[in-house]
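Reader: I would like a close look at a single part of this model, with its setting in the chain. Please keep it plain.

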Amino acid sequence: MESKTIELVQDSFSKVAPIAATAATIFYNRLFELDPALKKLFPTDNTEAMEGQGNKLMTMLASCVAGLNNLDKLIPVLENLGRNHVGYHVEASHYDTVGTALIDTLTIGLEDAFTPEVKEAWIEVYTTMANVMKSAAYNEVV
């Protein structure tokens with residue numbers, strides 16, 4: 001992964017961090033809009049639990065974005081995360097929906113700062129992370 005890609009993702013995520021709770025809400029609203037069946041994987045009937053889920057999402061995303069500078073350490077974390085998500089009934093196809101929801105969330109949250117170059121960087125980073133997770137979870141070659 002090129003250093004410019006990492007820099008674009010890290011710089012743009014620094015603008016998301018201050019609005020993490022709002023970004024998480026946007027993300028889950030968009031995710032469930034894209035695939036309402038995914039609601040069954042989350043505690044959607046419990047506001048406090050969903051806020052906690054959103055916090056976990058943003059914390060994990062922040063850790064992954066920070067870890068882009070050291071992929072040798074990040075890859076085993078992503079592999080473990082992918083394997084763990086199988087236990088939550090996450091299917092390989094869900095990763096595409098999550099990716100779309102993430103890009104849509106960044107589009108809304110970053111507004112004009114989500115330039116085409118930043119978008120492409122995020123797509124590359126998310127695709128790489130998702131492929132590592134799916135490969136570990138489903139023993140797929142991606």
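Predicted model: local features only at pLDDT ≥ 70, side-chain atom pairs only at ≥ 80, totals over all residues.

H6 itself covers residues 116-138, which is 23 residues. From its first C-alpha to its last it reaches 32 Å, close to the 33 Å expected at 1.5 Å a residue. Its buried residues include Val-118, Ala-121, Trp-122, Val-125, Tyr-126 and Met-129. Ala-130, Val-132, Met-133, Lys-134, Ala-136 and Ala-137 are buried as well. An α-helix has 3.6 residues a turn, so residues three or four places apart point the same way. After H6 comes Asn-139, which has a positive phi, near 50 degrees.

As for the setting, the protein chain has six helices and zero strands, and its elements run α-α-α-α-α-α from the N terminus on. The radius of gyration is 15 Å, close to the 14 Å that the globule rule gives for 142 residues, so the protein chain is as compact as a globular protein of that length. The C-alpha trace spans about 40 × 35 × 20 Å along its principal axes.

Of the 142 residues in the protein chain, 37% are buried. Among contacts with a separation of 6 or more, 74% come from residues 24 or more positions apart. The protein chain exposes about 8100 Å², and carbon and sulfur atoms supply 52% of that area. Its side chains include 10 positive and 19 negative ones, and the centres of these two sets lie 3 Å apart.

Technical notes: Residues numbered from 1 in each chain as written. Heavy atoms only, no water. Helix = DSSP H or I, 4+ residues; strand = E, 2+ residues; numbered from the N terminus. Expected span 1.5 Å × (residues − 1). Buried < 20%, exposed > 50% of the residue type's maximum accessible area, 1.4 Å probe, protein only. Rg over C-alpha atoms; globule rule 2.2 N^0.38 Å. Contact = heavy atoms within 4.5 Å. Areas by Shrake-Rupley, 256 points an atom, 1.4 Å probe, with all protein chains shown as cover. Lys, Arg positive; Asp, Glu negative; His and termini not counted. Charge placed at Lys NZ, Arg CZ, Asp CG, Glu CD.
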